[in-house]
Amino acid sequence: MKILQLDVNRIGFKLIAPEAKVYEQTDQKETSVDNAVVLLTSVEAEDSEEIASKAVKDALDFATKQKRTTLVFYPFAHLSGNLEAPQRAMKLFHYMVSEAKKSKLNVYSAPFGWNKALTLDVKGHPLAEMSRSYAKDIVTEEKTHLTLLPPKPKKVDLSIVRKSDFSGLPDADHRSIAEKLNLFSFQEVSPGMAYWHGDGYIVFKELVRFIREKLDEYGYEEIATPAFANVALWHVSGHIDHYRNNMFLLSSEGEEMALKPMNCPSTMLVFKSRKWSYRDLPVRLADFDKLYRNEISGALTGLFRVREITQDDAHLFVTDGQVQGELTAVLKLVGELYRKFNLPFTAKLSTMPDSHLGDEELWERATTALRNALEANHVPYTVKEKEGAFYGPKIDFDVMDSMKREWQCATVQLDYQLPQRFGLEYTGEDGKPHTPVVIHRVIYGSLERFIGILTEHYQGKFPTWLAPVQVKVLTISEQANQYAQEVYAKLRESKIRAELDVSDKTLDYKIREGQVKQVPYMLILGAKEVEQKKVAIRGRGNRQKLGVGLEHFIKSLQKEIEERDEGQNIFLSGAEPKEAPAAAKPTTTKARGKKAAEK
Ligand SMILES: [Zn+2]
């Protein structure tokens, strides 16, 4: 059974026509429900009442935890390629509805076997979308192998290598913006994994560069570990019990191997590979390796939920006495990073759950350390009682984007368990072996998801430091081509990402192309600019400045990029270059600018 569980503000559906011979008789043509947990459900061959009951129980638990009082079952065939025959699927679907009705929740179900028009308004929090998979004997290793080995493609020709089609999505969706700006694509042969195009990968690399600078400043080392390891590794860490269904398992030379879904275990191995003294601590190991998580493909929504993830991950190995100071530094880093993007954030402190490892005194100490770090950094926070991981308390950060949606990005977690499971040690001041404490932390969280958020937050108008093309040089007439080449060369020499258009397209057309690509600056060069050896600048929001010296423009731009400034300061009145001659006469250039502005 495959379920896509959604926490929604609203679900609405309208019956169009029965889809097959087997369908549910109903008079209810149109329904709309607010604030509900929706279960898009695919009943698969071999599903049983036992599996169905387990799925219902998980959904009820989730709804109770999220304090929702309404549950909506929605038959949805698109999650599985292994569907049960309709008659039996409908029976099992109705069994689930009747099971759920035994609870205190209000339970609705959409009629089975109908073609329906569906509208969903999913809430913005990180757990609002969750994919679940249920099967019999899921723990049988051989069976897991068999199901995970890829079946031979049915037809091997060009039709299987095609780009995922995102047409029809709203213009504000990051996938629509990416299509327009040529940032990335998804290909059907790699469901849920981004293909980064040159321009999109610039955004990716700039974000990594930004945090790498911070890592140097904060004393991290960067490591890299294999994508592939024997599953024994996750047995040691204990992740296999919680994560097996989300791992890509493979077999090699008779051994069961897996692609890593998280970095923690392999980072433990790097620490364990040498001897440490208390003087060496804290040791801060960062990495940007790719991680692989087997999400149900029907649940993948562009960059927000992917199977190949890059985290800006780090593990800090510290003594008990260093916990507080290190946490404070991590929170400071979170603030420095998010403020650059004008993303307001709030923090949530999750405390000891009922089922936990380790003694309560240790938990108390860890929770106090997190609380103190929040307070020392003046970070407003709320407490989520009993919501911590089973091995330690944590702080989650939600950022709010320009559309007032909240996203969970950064997480800081204190861990006393993994270091023990891996037998990590350092020699203390007393000459005896001690176990370090590990702080797991991500700041962006998943780079893919963060880029999805930023793409929508800026609606493709990335600040100059992130913009794939920072300056577009374009000419009004052929006369300016030679000068444009010089300007372009100078920009490239100055490490500015520039593009040159000396084609004979009309000026309006060239400007429009730059605007579609959301290029922050366009330099428009005509006879006057050639004669004066100046540039006419056109910025965002149709701001213009004529007769600017190229050197001045480059300096101002370099400063804007280096400081990762979101504003276009060259247009501020105080930034007027001293060497500028009297303003160019408002002849052709200005008139032209106006014309384009009307578009
Ligand atoms: Zn970790």
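The protein averages a pLDDT of 86, and 91% of the residues score at least 70; pLDDT is the predictor's confidence in each residue, from 0 to 100. Over residues 137-150 the pLDDT is below 50, and this stretch has eight contacts in the model beyond near neighbours in sequence. Residues 579-599 also have a pLDDT below 50, with 25 contacts beyond near neighbours in sequence. Two residues are in contact if their C-beta atoms, placed from the backbone, lie within 7 Å.

The model is predicted: local features need pLDDT of at least 70, side-chain atom pairs count only at pLDDT 80 or more, and totals for chains, interfaces and linings use all residues. Residues are numbered from 1 along each chain as its sequence is written.

### Helix pairs

Helices (H or I, at least four residues) and strands (E, at least two) are DSSP runs, numbered from the N terminus. Axes are lines fitted to C-alpha atoms, for helices over the stretch in contact, and angles run from 0 to 180 degrees between N-to-C directions.

| Helix pair | Axis separation | Angle |
|---|---|---|
| H1 (residues 49-65) and H2 (residues 86-101) | 9 Å apart | about 45° |
| H9 (residues 323-340) and H10 (residues 360-376) | within 9 Å | roughly 45° |

The angle makes H1 oblique to H2. Angles under 35 degrees count as roughly parallel, over 145 as roughly antiparallel, 65 to 115 as roughly perpendicular and the rest as oblique. The crossing of H1 and H2 is right-handed, meaning that the near helix is turned clockwise from the far one by less than a right angle. H1 contributes Glu-49, Ala-52, Ser-53, Ala-55, Val-56 and Leu-60 to the contact, and H2 contributes Leu-92, Tyr-95, Met-96, Glu-99 and Ala-100. By class, this contact has eight nonpolar, one polar and two charged residues. Ala, Val, Leu, Ile, Met, Phe, Trp, Tyr, Cys and Pro count as nonpolar, Asp, Glu, Lys and Arg as charged, and the others, Gly among them, as polar.

H9 passes H10 in a right-handed crossing. Residues in the contact include Val-323 and Leu-327 of H9 and Ala-369 and Leu-370 of H10. The classes here are eight nonpolar, three polar and no charged residues.

### Sheet

Three strands form an open antiparallel sheet in the order E10-E12-E11. Strands E10 (228-230) and E11 (249-252) stand at the edges with a single partner strand each, so one side of each has no neighbour in the sheet. The twist averages 40° from one strand to the next. Two strands pair if DSSP finds at least two bridges between them; three bridges join E10 to E12 (residues 255-259). Phe-228 has Leu-259 of E12 as its bridge partner.
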